[in-house]
Amino acid sequence: MDHYTMDTYGQAFAPFFDLVNNDEQEVKATVSLLREYAAGGSVLEAGVGTGRIAVPLAQTGADVYGIEISEKMAEQLQAKAAGHLVRLKVGDMASFRFDAPFSLVYITQGALHSLLSLDQQTACMKNLAIQLKDDGHLIIESLTLDRSRFVRDQYLDISMMDVGYVALSAAVHEPERQVVNQQSIFISQDGVQLFPLRYRYYSSDELDSMAAKAGLSLIDRWSDWEKNPPHEKQTRFLSVYAKSRKE
């Protein structure tokens with residue numbers, strides 16, 4: 001995907017993001033856990049997207065900020081009835097900094113994977129850590145890679161099909177870079193729609209190493225927002241970090 005940019009995902013997915021990610025129970029559990037770690041302090045969502053989590057979190061009374069690189073995603077957030085409750089900036093979460101420190105900074109749905117190199121992901125962790133209060137927390141939701149789907153580092157799957165349409169998913173794996181290039185393809189009588197995605201995966205150990213370079217230490221790890229413990233078949237994992245204590 002030579003022409004893929006940081007805004008490609010937002011351009012393609014923004015109009016449909018909330019329709020696809022409409023699990024109300026997950027949103028409720030996510031907001032509940034975030035409020036627990038925020039402990040009443042101000043909150044920043046890095047890669048805030050359409051505000052799927054930030055808006056309902058702000059509606060509970062939390063002071064919520066958001067940083068989002070995609071203008072299309074930001075427009076979807078601002079168009080929501082309660083979107084004004086989120087203090088939004090359009091910019092790069094790996095470099096942009098707000099003035100005030102936060103009690104909680106969080107990333108949902110694997111947004112850290114959108115940075116396509118170890119150096120970029122580590123730089124982002126450092127930038128977010130700097131914006132934390134001394135007793136603050138950083139929470140990162142990461143996705144796991146299902147290697148069984150790939151044959152010769154690629155796959156083509158049918159995800160949905162009916163009389164008038166078919167939805168395909170195609171991907172190419174670059175194991176040396178830990179990068180997956182994915183294209184979701186929707187074919188119907190109205191034509192063809194493409195939804196590209198490119199991401200860099202990492203292990204929990206690699207994420208912990210990045211966090212250590214940012215001066216953070218792991219304090220909790222869960223397989224989901226309901227605090228279920230990690231397990232072999234998990235599709236994601238939540239990592240909770242705090243600033244490392246100096247001896």
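Start with Val 172. Its bridge partner in E8 is Asn 181. This is a predicted model, so keep that in mind throughout.

Now the two strands around that bridge. Strand E7 covers residues 165-174, and strand E8 covers residues 179-188. They pair in the antiparallel sense, over ten bridges.

Step back to the sheet. Four strands form it, in the order E6-E7-E8-E9. The sheet is open, and the pairing is antiparallel. Which strands stand at the edges? Strand E6, 154-162, and strand E9, 191-200. Each has a single partner strand, so one side of each is left without a neighbour in the sheet. From one strand to the next, the twist averages 15 degrees.

Next, strand E11, residues 236-243. Seven of its eight residues are buried, so the rest of the structure largely encloses this strand. Which strands pair with E11? Take strand E5 first, residues 132-143. Seven bridges join E5 to E11, and the two run antiparallel. One example: Leu 138 has Tyr 241 of E11 as its bridge partner. Then strand E10, residues 216-222. Six bridges join E10 to E11, again antiparallel. Here Leu 216 has Lys 243 of E11 as its bridge partner.

Last stop, Ser 70. Where is it? Ser 70 lies in the loop between strand E2, 64-68, and helix H5, 71-78. Buried or exposed? Ser 70 is buried, at a relative accessible area of 2%. What does it touch? Neighbours within four places in sequence aside, Ser 70 is in contact with Asp 7, Gly 10 and Gln 11. With Asp 7 there is a side-chain to side-chain polar contact of 3.0 Å.

Note on methods
Residues numbered from 1 in each chain as written. Predicted model: local features only at pLDDT ≥ 70, side-chain atom pairs only at ≥ 80, totals over all residues. Heavy atoms only, no water. Pairing = 2+ DSSP bridges. Axes fitted to C-alpha atoms, helices over the stretch in contact; angles between N-to-C directions. Buried < 20%, exposed > 50% of the residue type's maximum accessible area, 1.4 Å probe, protein only. Polar contact = N/O pair within 3.5 Å; in protein donor to acceptor, adjacent residues only side chain to side chain. Contact = heavy atoms within 4.5 Å.
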